Structure formats: C-alpha cells, structure tokens
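Dear colleague,

Please find below the structure I am handing over to you. My notes on its side-chain contacts follow directly after it.

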Amino acid sequence: MKVFIDSGDIAEIREAQSMGVIDGVTTNPSLLAKAGKPTKRAIAEICEVVDGPISAEVVAVEKDAILREGRELAKIHRNVVVKVPLIDEGLKAVRIFASEGIKTNVTLCFSAAQALLAAKAGATFVSPFVGRVDDAAGDGMDLVLQVVTIFRNYGLSTQVLTASVRHPVHFVQAAMIGSHAATMPLKVIKQLIKHPLTDVGLAQFLADAKKIPELV
C-alpha cells in the first residue's frame, strides 16, 4: 500500500521523506493556508522534495472554472494530481481531465456509489474519508471495503486512496482490505512507528550494552 503524507508544511514533508516511508503527498486549501504560502509555490516546493503523486486541490465548484484551475495546477509539475470535489460539476471536469491525460484525485467521498461514479468518470484516485464517516456514526473502514470490492469486481483502474486516517488501526485495516494508498498527517505516521515493547526492548539492549567489557 502506498503511504502519502497529508500536509502542506514543507518541513513535515521533508521529515517524512527522510524516513523513506512516503510515496506521495496530499494537500488541501486548509493545509496550505496553515503553511502560509501561495498555492503554486507551495506545490512546486513539495514536488522538489517528493517524487510521487502530489494532490493539489481546486477551489472552484463549476466545471469550466475547475478545468481552468486544474490545468494551471497540472502545469506545475508532471507529478501533480488535480484534486476535485465529488460533485456533479466535478465529475464533468474529471471526465475531461482524463481525456487530456491529467491525473485526478476525487475527494470528499462518503459512499460507495459516489466512488463508483468517480471511477466511471475517469478518476485516477478516489478518496473515501474514513475518519469523517466514523465521526458521523458510520463505519469508515466498511466504506473502504465496499469501494475496494466494487472496483475489483469490475476491474476498474481507479485507485482507492483511504483518507482522513486518524490512527494506526485505520492504517492497518486499509492495508488488509487492499486499499491502494492511505494518506495521513505526520503525527499518525509517527504513531505507526511507535510501540511500547520496542521502547522497552531498546532500553534493555542499551543498558546491557554498557555492561560489555571494553577491550584493553
């Protein structure tokens, strides 16, 4: 499963990249606003750090405006994936982007039906938001299972990008289900690395290492 970092902070992205565990980056207007840089400059900087899919989101909600904005984003770098909201105007734009060879990530997906329509429109990725589904008293991972199963049933090329990952359990379940990718903040990536038994074992090894006699 591909691992993406969900961030607009270039320092966070560099840190995750230095670990050798990320395959791409997802951003959104909220994350880029926190970074405090113009969108195009921020995306260009990210593309210099990570050689993989970099999702850059449009803010337009009407087809022609989405197309204009998405085409400009796609010009930044060959790795840019245009992130489009799962609305009817968004799907119209995705269909045209696909015909032009522009990759897309259809975002804000909350049902299997939405995901199937996004795939039929030609989306490169579709992003079910598991954490937000859980927040609304649903089962986010069941949604991912539904989408993965449907895509496999029909041999669809669209990749499932599990988004709104809140904790390690989401991550492991997504991998077991067969999600193609999962995106999460740096905080969650670090949670994946941590385990109390690792800490205990390391502390014991280091303590024992001090007891080894030095060569004279």
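Lys-92 is partly exposed, because its relative accessibility of 41% falls between the limits of 20% and 50%. This residue forms a salt bridge with Glu-89, and the closest N and O atoms are 2.7 Å apart. Glu-89, in contrast, counts as buried at 17% relative accessibility. Both residues belong to helix α5 (residues 88–99), where they are 3 residues apart, or about one turn of the helix. Please bear in mind that the model is predicted.

Across the whole structure, the search finds 12 salt bridges. One of them joins Lys-40 to Glu-72, with 3.4 Å between the closest N and O atoms. This pair links distant parts of the chain: Lys-40 sits in helix α3 (residues 39–49) and Glu-72 in helix α4 (residues 63–74), 32 residues apart. Lys-40 is partly exposed, with a relative accessible area of 45%, and Glu-72 is likewise partly exposed, at 33%. Lys-40 and Glu-72 also belong, together with Lys-75, to a network of salt bridges.

A further salt bridge brings together the side chains of Asp-208 and Lys-211, at 3.6 Å from N to O. Here Asp-208 is partly exposed, with a relative accessible area of 31%, whereas Lys-211 is exposed, at 64%.

I turn now to the aromatic residues. The structure holds 2 aromatic pairs. In the pair of Phe-4 and Phe-125, the ring centres are 6.1 Å apart and the planes stand at 75°, so the arrangement is edge-to-face; the cut-off for that class is an angle over 60 degrees. Phe-4 lies in strand β1 (residues 2–6) and Phe-125 in strand β6 (residues 125–128), so this contact ties together parts that are 121 residues apart in sequence. Both Phe-4 and Phe-125 are buried.

The other pair consists of Phe-110 and Phe-129, and is tilted, with 5.7 Å from centre to centre and 55° between the planes. Phe-110 is found in the loop between β5 (104–109) and α6 (112–121), and Phe-129 in the loop between β6 and α7 (130–135). The two residues are 19 apart, and their pairing links distant parts of the chain. Phe-110 is partly exposed, with a relative accessible area of 38%, while Phe-129 is buried, at 9%.

With kind regards

Methods. Residues are numbered from 1 along each chain as its sequence is written. This is a predicted model: local features need pLDDT of at least 70, side-chain atom pairs count only at pLDDT 80 or more; totals for chains, interfaces and linings use all residues. Side-chain values use heavy atoms; hydrogens and water are left out. Rings of Phe, Tyr and Trp (its six-membered ring) pair if their centres lie within 6.5 Å; planes under 30 degrees apart count as stacked, over 60 as edge-to-face and the rest as tilted. Helices (H or I, at least four residues) and strands (E, at least two) are DSSP runs, numbered from the N terminus. Buried means under 20% relative accessible area, exposed over 50%, partly exposed in between (1.4 Å probe, protein chains only). A salt bridge is a side-chain nitrogen of Lys or Arg within 4 Å of a carboxyl oxygen of Asp or Glu.
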